[in-house]
Amino acid sequence: KTPAPEPVNLSPEEYTEKHAIMYAYAGGFADGSTFDNWCHRQYVISRLAKGVGPLAGSAGGCLDAKDGATADGTPVVLATCDGSAAQRWALTPDYQVQGRAGKCLTLAGGAAQLATCAPTAAQKWSLFANGQLRGQNGICLGDGGDGTVGAKVCTFEVAGTRRLPQAAQRFTQLAAP
């Protein structure tokens with residue numbers, strides 16, 4: 001089910017400009033259509049470019065380097081939030097999520113783990129204001145429901161008139177203790 005359109009938040013001039021662009025690329029559309037409704041609004045989902053602190057899942061628990069370890073291959077799990085160094089993560093300007101000992105949140109075989117930071121796609125993440133921690137190719141970090149954390153296809157659920165990331169794919173960066 002498609003959610004109802006959100007309120008108009010563009011001026012008539014901004015709508016006209018956006019409509020002209022959509023007309024040039026889409027070849028026109030009917031008044032009241034999905035594209036027309038889209039042209040009446042600006043959507044903003046901002047990337048959080050920096051921050052240091054625990055990353056809490058919406059279902060509870062914080063991302064944690066298992067047993068406080070720092071070795072490459074250490075699983076990243078969801079554990080009770082305790083403010084420990086194993087739960088402190090830094091969002092870097094180069095799209096990495098760095099944990100203890102400068103190790104990076106990495107996907108390997110679909111599972112989240114620590115690894116030495118390198119400029120690889122498996123370590124590129126963006127935390128967005130809507131809570132999604134997105135990697136490459138439509139992959140989000142997600143709660144496996146049993147304390148495990150790994151790659152999930154980014155999906156949304158409808159909440160009233162809004163689409164929100166599924167609860168298992170939402171994280172909030174808390175203030176560093």
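Trainee: How many helices and strands are there in the protein chain?
Mentor: This is a predicted model, where local features need pLDDT of at least 70, side-chain atom pairs count only at pLDDT 80 or more, and totals for chains, interfaces and linings use all residues. Residues are numbered from 1 along each chain as its sequence is written, and side-chain values use heavy atoms, with hydrogens and water left out. Helices (H or I, at least four residues) and strands (E, at least two) are DSSP runs, numbered from the N terminus. By that count the protein chain has two helices and 16 strands.

Trainee: Which strand has the highest confidence, and which the lowest?
Mentor: Confidence here is pLDDT, the predictor's own score for each residue, from 0 to 100. For the protein chain the mean is 86, and 90% of its residues reach 70 or more. Where pLDDT is low, the predicted coordinates should not be read in detail. The highest mean, 97, belongs to strand S9 (residues 111-116), and the lowest, 69, to strand S1 (residues 47-48).

Trainee: What share of the residues count as buried?
Mentor: Buried means under 20% relative accessible area, exposed over 50%, and partly exposed in between (1.4 Å probe, protein chains only). The protein chain has 177 residues, and the buried share is 33%.

Trainee: Which residues have the most contacts inside the largest nonpolar core?
Mentor: A nonpolar core is a set of buried Ala, Val, Leu, Ile, Met, Phe, Trp, Tyr and Cys residues joined through side-chain atoms within 4.5 Å. In soluble globular proteins, nonpolar side chains tend to be buried together. The largest core here has 18 residues, and those with the most contacts inside it are Leu-63, Trp-89, Val-97, Leu-105, Leu-133 and Leu-141.

Trainee: What is Leu-105 in contact with, leaving aside its neighbours within four places in sequence?
Mentor: Contact means heavy atoms within 4.5 Å. On that basis the partners of Leu-105 are Val-76, Trp-89, Val-97, Ala-112, Gln-113, Ala-122, Gln-123, Trp-125, Leu-133 and Leu-141.

Trainee: Is Asp-67 buried or exposed?
Mentor: Look in the loop between strand S4 (62-65) and strand S5 (76-79). Phi of Asp-67 is near 60°, a positive value in a residue other than glycine. With a relative accessible area of 73%, Asp-67 is exposed.
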